[in-house]
Amino acid sequence: MTEQAHNGPSLKTYFLIWGALIVLTSITVGVSYLELGALNPIVALVIATIKALLVILFFMEIRYSSKMTMMVVVSGVFFLILLLSLTLSDYLSRGWSHVAR
Amino acid sequence: MQASPATEHHNPALKHHFADMAQQKETVTLGMWLFLVTEIMFFGGMFAAYLVYRILYYNAWVAGSQQMEIKLGALNTAVLICSSLTMVLAVHFAKENKKNLVVVFLLITILLGLGFLGVKAVEYHNHWIHHEVPGQYFAFEHTGNYDPRHVQIFFSLYFAMTGMHAFHMIIGVSLLSWLTIRALRGDFTSEYNSPVEMCGLYWHFVDVVWIYLFPLLYLISHQHV
């Protein structure tokens, strides 16, 4: 009864996710000491996103939650991306045209 | 789920406007996530400001970022990840009616949270004595092709973002202390444990914010000149 009382992740899953998060942290710290130019921020943010996904899907149990809750989470991420991409599309494109200031 | 409707009806934690404990739990989880979505947008504004200024004043950003101590940042990242593990363990044991283990893991989570804040305080103190706090006494030995005032903008955002994050940690530690008292009182059972789970969601969210703050503030400019 106690194990079936909730259909969340098992203890083993929690420890595996924790191990993965620690390993990914070590990798991202190690990579930051290498000279990769434009790749440094890309690698760091990809690793951060994998870590965030692991926390959200397993520790926050979104993988096991209802469709409604998943949709709320996805909409939050969607509006964050909208905020960042529309803001950056302005600042990054300044200077592309030759119109006098 | 296996419990009969009759026992669920008599659960004192069931509010009268919910059909059963499962519906109540679903509603609580949805409401908590709606709050966390507003938190995503709240931190999102600061992340947007960070990205814009990083693009505008790239050299100053690199210079400011290289004042961060990666070792302390990495230590704090590990501390937070461990605290997220102890938090899920507290939730897990709450669902299994193991009151003593819930209390033990809540207390470990609180200690790890306080440890994070302690390391952060050491970092803030180092910035303070190195005159890296924006304002009248800001002094930055600048060697590259940038305006030192722009380094102040970096440090302003650094203090705003990590300060807001630390403030969330303080709220989190307070919530966990309240949970510990309630757990000791025996409020949480396998049927009713939403407060532990919802505070857990909040705690993990604060961890996710740090997962992005750490590379953005400490790591990505480390090797750039």
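Me: Two residues are in contact here if their C-beta atoms, placed from the backbone, lie within 7 Å. In this predicted model, how many residues does the contact take from chain B and from chain A?

Reply: The structure is a predicted model, and totals for interfaces use all residues. Counted in this way, the contact takes 43 residues from chain A, and the number from chain B is 39.

Me: Which element gives the most to the side of chain B that touches chain A?

Reply: The elements of chain B that give two or more residues to the side touching chain A are α2 (21-56), α4 (70-95) and α7 (194-219). By class, this side of chain B has 25 nonpolar, ten polar and four charged residues. The element that gives the most, with 14 residues, is α2(B).

Me: What is the handedness of the crossing of α3(A) and α2(B)?

Reply: By class, the contact of α3(A) with α2(B) has 21 nonpolar and six polar residues, with no charged residues. The crossing of these two helices is right-handed.

Me: How many helices does chain B have?

Reply: From the N terminus on, the elements of chain B run α-α-α-α-α-α-α. Chain B has zero strands, and its number of helices is seven.

Me: What percentage of the residues of chain B count as buried?

Reply: Along the principal axes, the C-alpha atoms of chain B fill a box of roughly 75 × 30 × 30 Å. Among contacts in chain B between residues at least 6 apart in sequence, 75% join residues at least 24 apart. A residue is buried if 20 or more other C-beta atoms lie within 10 Å of its own. Of the 225 residues of chain B, the share that counts as buried is 38%.

Me: Which element gives the most to the largest nonpolar core?

Reply: The largest nonpolar core has 74 residues, and those with the most contacts inside it are Ala90(B), Val102(B), Leu106(B) and Val196(B). Elements giving two or more residues to this core include α1 (11-32) and α2 (39-59) of chain A, as well as α5 (99-129) and α6 (148-184) of chain B. With 18 residues, the element that gives the most to this core is α7(B).

Me: Which residues does Val196(B) touch, not counting residues up to four places away in sequence?

Reply: Val196(B) is one of the residues with the most contacts inside the largest nonpolar core. Leaving out residues up to four places away in sequence, Val196(B) touches Ala90(B), Val91(B), Ala94(B), Val102(B), Leu179(B) and Phe188(B).

Me: How are α5(B) and α6(B) oriented to each other, roughly parallel or roughly antiparallel?

Reply: The residues of α5(B) in the contact include Val102(B) and Leu106(B), while α6(B) gives, among others, Gly172(B) and Leu179(B). The axes of α5(B) and α6(B) come within 9 Å, in a left-handed crossing. They cross at roughly 160°, and angles over 145 degrees count as roughly antiparallel. The orientation of α5(B) and α6(B) is therefore roughly antiparallel.

Me: At what angle do α2(B) and α7(B) pack?

Reply: In this contact, Lys25(B) and Phe43(B) are among the residues of α2(B), and Met198(B) and Phe205(B) are among those of α7(B). By class, the contact has ten nonpolar, one polar and two charged residues. The crossing of α2(B) and α7(B) is right-handed. Their axes are 10 Å apart, and the angle is about 20°.

Terms used: Residues are numbered from 1 along each chain as its sequence is written. Chains are lettered from A and ligands numbered from 1 in the order in which they are written. This is a predicted model: local features need pLDDT of at least 70, side-chain atom pairs count only at pLDDT 80 or more; totals for chains, interfaces and linings use all residues. Helices (H or I, at least four residues) and strands (E, at least two) are DSSP runs, numbered from the N terminus. Ala, Val, Leu, Ile, Met, Phe, Trp, Tyr, Cys and Pro count as nonpolar, Asp, Glu, Lys and Arg as charged, and the others, Gly among them, as polar. A nonpolar core is a set of buried Ala, Val, Leu, Ile, Met, Phe, Trp, Tyr and Cys residues joined through C-beta atoms within 7 Å. A residue is buried if 20 or more other C-beta atoms lie within 10 Å of its own, exposed if 12 or fewer, and partly exposed in between; C-beta atoms are placed from the backbone. A crossing is left-handed if the near helix is turned anticlockwise from the far one by less than a right angle, and right-handed if clockwise. Axes are lines fitted to C-alpha atoms, for helices over the stretch in contact, and angles run from 0 to 180 degrees between N-to-C directions. Angles under 35 degrees count as roughly parallel, over 145 as roughly antiparallel, 65 to 115 as roughly perpendicular and the rest as oblique.
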